[in-house]
Amino acid sequence: MPTESPWRTADFRILFAASTLSQLGTNVSYVAVPLIAVVALDADPGQVGALATLSTLAFLLIGLPAGAWVDRMRHRGVLIAADLARAVLFASVPLAWWADTLTLGQLYAVVLLNGCATVFFDVGSQSVLPALVGREALVPANAAMVSLQAVGNIGGRSAGGALVQLLGAPVAVLCAAATYLASALQLTFVRRKEALPAPAHDTGLRAQIVEGLRHVFGNPELRALALTATLTNLGMQTINTMLPVLFVRELRLPAGALGLFWAAGGLGLLVGARCARSLAGRLGYGRTLGLAGAVLAPAGLLVPLIDRGPWLWLAGAGWMLALFKTGTDNVLGVSLRQRMTSDDLLGRMNATFRCVLTGALAIGGALSGLVGELAGVRATLWVGGVLLSVAFLPVFLSPVRTRRELPAQQTVSAVRQPAAR
């Protein structure tokens with residue numbers, strides 16, 4: 001039965017605990033892997049950019065068919081398999097390090113295959129959430145999950161920086177592998193029994209993918225949410241990819257300082273997620289999504305000013321404000337798109353968003369490496385800052401800005417277009 005508090009649902013608590021472990025592993029490896037490339041393997045800006053691109057390229061390669069596949073599978077099994085795959089992949093890195101055989105090629109393969117597993121985990125976790133908590137509890141449930149992501153950014157990246165600094169990057173990556181294994185074990189306790197979805201005899205995989213694309217990009221509100229989030233991810237990844245090079249090689253700051261800078265962004269994400277519901281109650285969902293961006297977007301232009309001393313604090317404040325907007329957008333935007341999507345389209349809708357949004361991360365990593373090689377690290381940060389400052393425009397100029405409430409619950413899809421049959 002739907003409930004206003006997702007915490008009353010035991011399976012949601014289990015999913016949250018497993019996601020906590022998964023987020024910890026993701027954020028520790030986020031710090032440790034590029035630092036292994038920069039410090040141990042002497043990677044240049046172009047190679048660091050390639051590493052960032054490959055880590056998210058899977059969403060462009062298999063993101064769309066993954067949604068159709070997830071709609072055909074039991075979600076719990078998908079999540080467990082994804083966690084186990086990530087545990088094995090990251091465990092291979094310290095083993096190769098200790099055997100003195102680690103290469104950039106192996107790091108490239110690990111992050112690419114890890115991205116493939118993450119595609120299925122992300123799509124599966126967002127698709128199973130409405131069934132676990134009921135659609136009326138989606139806003140508090142999504143607020144909890146985005147807050148978890150923020151806490152992971154704070155604690156996980158701080159812990160990642162500290163582990164690299166104290167014990168070395170290989171130990172940090174081994175810790176990440178252990179958290180993925182623990183997450184998989186936790187998910188085995190989910191009690192909700194899922195029936196295997198009936199095979200779709202009347203539609204092929206391509207038609208199902210097209211149906212998901214049409215649902216997202218044929219709706220002006222969903223399209224605006226996708227475009228704004230895409231620009232945000234593009235700007236953030238352009239900046240994030242060059243930060244290890246800037247901190248360690250140019251500013252000569254320790255790995256812990258990089259972890260703390262990323263943690264400041266996580267704090268902004270957390271506060272934004274926790275404030276999202278109350279802001280929407282006062283201003284309306286659409287005005288919060290539109291106005292928050294217009295007010296906070298210029299903060300992204302403070303990040304390229306980063307340097308030692310007071311400039312580091314100023315850039316950190318700008319990063320925190322930019323991530324505050326992202327936290328608010330994530331809670332309200334994800335809740336809006338889940339309420340506008342029927343159960344049988346959830347996997348494909350989520351996969352479409354994840355493909356576009358995380359595909360933007362892959363492009364941002366490549367863009368960052370290219371600009372870094374041609375124009376330098378500072379120019380790269382300015383490109384990312386400008387992208388963050390204009391990311392709010394698609395939502396601000398769309399019908400989303402006038403929406404005060406979430407739409408009515410949908411549990412069955414509308415009449416399908418002939419091309420989707």
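Which side chain meets that of Arg403 in a salt bridge? The partner of Arg403 is Glu221, with an N to O distance of 2.8 Å; a salt bridge is taken as a side-chain nitrogen of Lys or Arg within 4 Å of a carboxyl oxygen of Asp or Glu. The pair links distant parts of the chain, with Arg403 in the segment after H15 and Glu221 in helix H9 (residues 220–250), 182 residues apart. Glu221 is buried, at a relative accessible area of 12%, where buried means under 20%, exposed over 50% and partly exposed in between (1.4 Å probe, protein chains only). Helices are DSSP runs of H or I of at least four residues, numbered from the N terminus.

The model is predicted, so that local features need pLDDT of at least 70 and side-chain atom pairs count only at pLDDT 80 or more, whereas totals for chains, interfaces and linings use all residues. Residues are numbered from 1 along each chain as its sequence is written, and side-chain values use heavy atoms, with hydrogens and water left out.

By the rule given above, the count comes to four salt bridges. One of them joins Asp307 to Arg378, with the closest N and O atoms 3.9 Å apart. This pair, too, links distant parts of the chain: Asp307 lies in the loop between H11 and helix H12 (310–339), Arg378 lies in helix H14, and 71 residues separate them. Asp307 is partly exposed at 33% relative accessible area, and Arg378 is partly exposed at 29%. A further salt bridge is formed by Lys325 and Asp329, whose closest N and O atoms are 2.7 Å apart. Both residues belong to helix H12 and are four residues apart, about one turn of the helix. Lys325 is buried, with a relative accessible area of 4%, and Asp329 counts as buried at 15%. Side chains of opposite charge can pair when their charged atoms come close.

Helix H14 also contains Thr380, a residue buried at 0% relative accessible area. Polar contacts are pairs of N or O atoms within 3.5 Å; within protein, one atom must be able to donate a hydrogen and the other to accept it, and residues adjacent in sequence count only if both atoms are side-chain atoms. The side chain of Thr380 reaches the backbone nitrogen of Gly372 at 3.1 Å, and a polar atom of that side chain lies 2.9 Å from the backbone oxygen of Gly376.

A nonpolar patch on the surface is formed by Leu301, Trp382, Val386, Val390, Leu393 and Leu397, which together have about 510 Å² of accessible area. Patches consist of residues with over 30% relative accessible area and no salt bridge, with like charges joined within 9 Å and nonpolar side chains (Val, Leu, Ile, Met, Phe, Trp, Tyr) within 5 Å. Accessible areas come from the Shrake-Rupley method with a 1.4 Å probe, and for residues only the protein chains shown count as cover. Helix H14 (residues 377–390) supplies the largest share of the patch, three residues. Leu397 is placed in the segment after helix H15 (393–396) and counts as exposed at 68% relative accessibility.

Helix H2 (residues 45–56) has twelve residues and reaches 17 Å from its first C-alpha to its last, close to the 16 Å expected at 1.5 Å a residue; the expected span is 1.5 Å times one less than the number of residues. The buried residues of H2 are Pro45, Val48, Gly49, Leu51, Ala52, Thr53 and Thr56. Asp44 caps the N-terminal end of H2, with a side-chain oxygen 3.1 Å from the backbone nitrogen of Gly46. Asp42, in the loop between helix H1 (10–40) and H2, has a positive phi near 55° and is exposed at 59% relative accessible area. Asp100, in the loop between helix H4 (75–98) and helix H5 (104–133), has a positive phi near 60° and counts as exposed at 71%. Most residues other than glycine have a negative phi.

Ser19 is located in helix H1 and is buried at 6% relative accessible area. Ser19 and Gln186 are 167 residues apart in sequence and 9.3 Å apart in space, C-alpha to C-alpha. The structure holds zero disulfides, a disulfide being a pair of cysteine sulfur atoms within 2.5 Å. Cys116 counts as partly exposed at 23% relative accessibility, as does Cys275 at 26%.

Conventions:
Helix = DSSP H or I, 4+ residues; strand = E, 2+ residues; numbered from the N terminus.
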